[in-house]
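Please consider the sequence and the structure shown here.

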Amino acid sequence: MELDAALLSRLQFAFTVSFHIIFPSITIGLATLIAIWEGLWLKTANPVYLQLAKFWIKPFAITFGMGVVSGIVLSYEFGTNFSEFSRITGAVLGPLMAYEVLTAFFLEAGFLGIMLFGWQRVGPKLHFFATVVVAIGTWISAFWIIAANSWMHTPAGHIIVDGVFQVDSWWQVIFNPSMPYRFSHMLLAAFITAIFVVLATSAWQLLHSEHKTMARKGLSMTLWLALILTPLQVFVGDLHGLNVKQHQPVKLAAMEGLWAEREAGVPLLLFAIPDRAAEKNHFEIAIPKLASLILTHDADGELMGLKAVPADERPNVAVVFFSFRIMVGIGMLMLMVALLGAYLRWRGNLYHSRWFLTACSYLAPSGVIAVLAGWYVVEVGRQPWLVQGLLRTIDVVSPLPPERVLFSLTLFVITYSLLFGVYLYFMRKLIKKGPPALEQLQQQLIGVKASGYAVALVKQLTPAQEKN
């Protein structure tokens, strides 16, 4: 079989970006949760909040480091595998990527050390300030990345001079038509992802660990947040879908498995097997007119289908179709868990329902899977365009020997698989180890109230070390 350099380059970038997005989708929400817990501890003096913050700060640090390392690779791939893309769009996307580094990355790097290692070296307000700044830095990072990616989906504020994109209005480039919807959707997805990581861990700790007090607080808070954020995500997702209908109707047609050039009263397909060659679906299970009702707010509303454009301008329908249903299905599962948690709380059985806690303990990767599925919908659904309607992916791939691309792809798969295994090993180790005991935290409260704690701690630890 003859190797295709373009396909291999696309697979390599898809693999590396899929690996990378796992970690920001956790750290954005986790940094925010840590800031909330630390703020609540300062306000209430309840050491359980401090216990939560100190326990989760180490998993956050490991996940943050993995995100930074894996993200650097993506910048290089723009030049190595898609050199023409860098040349043609560099004047627009290059500054946006630079703004992310100059604002978000430098902000995070400047205060991350204080957040991780400054517990006994700075005062409580300064440490809390550093934690909040790191959390805000993750939001700013997401802002610039989503702005750049959204411009590729709904390009605006540019002119094309000699085949090269130039900026005509930075405001329109950054706040392009899909950016507000995609940014809010992604930010909520990151929060929910982190919430379910903490929720699953807290449920596991209630079943298998002695840290019941912290686990109860973590489970309770995350269920309340899930009860608020999952319905909000459904609402934002609906707005995002309406935006896609307006600006990328072919992607929407692939999401809905709609083939007819135009169709009114479109059913919502719960399941089907799209057949790209035959241009139809097999084994459809549908709810009549529901897709039209959702997307046009009219049961007899009309939608554009895939046959409205030539076959070479359609995405891989099966990937988009099934990825969309995986994302929505997990979202509905999360909403059900939040509602069920509220019911059990009302019944006074939240912390004692073993079947519920057991089910929750398996939901740690649910948010990550939903985020990945959502990104496959977004990115595969845009194909064959890299800049929607203006620049095809196939036209900007670097002319590399296929064997070299295959070799680098193989190295990435092996290296990243090993890295992910190490990451999971240390995460599991930290979770099984558990947080500092409440008694130990009470002894360390001096660390955020007075300077010289480090000296006091050394004096406290020296006799114990001598005994050992």
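In the hairpin formed by β4 and β5, four residues lie between the strands, and Glu 279 adopts a positive phi near 55°. The model discussed here is a predicted one. Strand β4 covers residues 268-275 and strand β5 covers residues 280-287; the two run antiparallel and are joined by six bridges. Within this pairing, Pro 274 is placed opposite Asn 281 of β5.

Leu 270, Phe 271, Ile 273, Phe 283, Ile 285, Ile 287 and Phe 322 make a nonpolar surface patch of about 640 Å². β4 and β5 are the elements that contribute two or more residues to this patch. Phe 322, another member of the patch, belongs to helix α10, which comprises residues 317-347.

Helix α8, residues 249-256, may be considered next. Is this helix largely enclosed by the rest of the structure or exposed? Seven of its eight residues are buried, and α8 is therefore largely enclosed by the rest of the structure. The buried residues are Val 250, Lys 251, Leu 252, Ala 253, Ala 254, Met 255 and Glu 256. After α8 comes Gly 257, which has a positive phi near 65°.

These elements belong to a chain that contains 15 helices and eight strands. How does the radius of gyration of the chain stand beside that of a compact globule, and what value would such a globule have? For 468 residues a compact globule would have a radius of gyration near 23 Å, and the chain, with 24 Å, agrees with this. The C-alpha trace spans about 75 × 55 × 45 Å along its principal axes.

The interior and the surface complete the account. Of the 468 residues in the chain, 49% are buried. Among contacts with a separation of 6 or more, 78% are between residues 24 or more positions apart. The accessible surface of the chain amounts to about 22200 Å², and carbon and sulfur atoms account for 67% of it.

Notes. Residues are numbered from 1 along each chain as its sequence is written. This is a predicted model: local features need pLDDT of at least 70, side-chain atom pairs count only at pLDDT 80 or more; totals for chains, interfaces and linings use all residues. Side-chain values use heavy atoms; hydrogens and water are left out. Two strands pair if DSSP finds at least two bridges between them. Buried means under 20% relative accessible area, exposed over 50%, partly exposed in between (1.4 Å probe, protein chains only). Patches are made of residues with over 30% relative accessible area and no salt bridge: like charges are joined within 9 Å, nonpolar side chains (Val, Leu, Ile, Met, Phe, Trp, Tyr) within 5 Å. Accessible areas come from the Shrake-Rupley method with a 1.4 Å probe; for residues, only the protein chains shown count as cover. A salt bridge is a side-chain nitrogen of Lys or Arg within 4 Å of a carboxyl oxygen of Asp or Glu. The radius of gyration is taken over C-alpha atoms; the globule rule is 2.2 Å times the number of residues to the power 0.38. Contact means heavy atoms within 4.5 Å.
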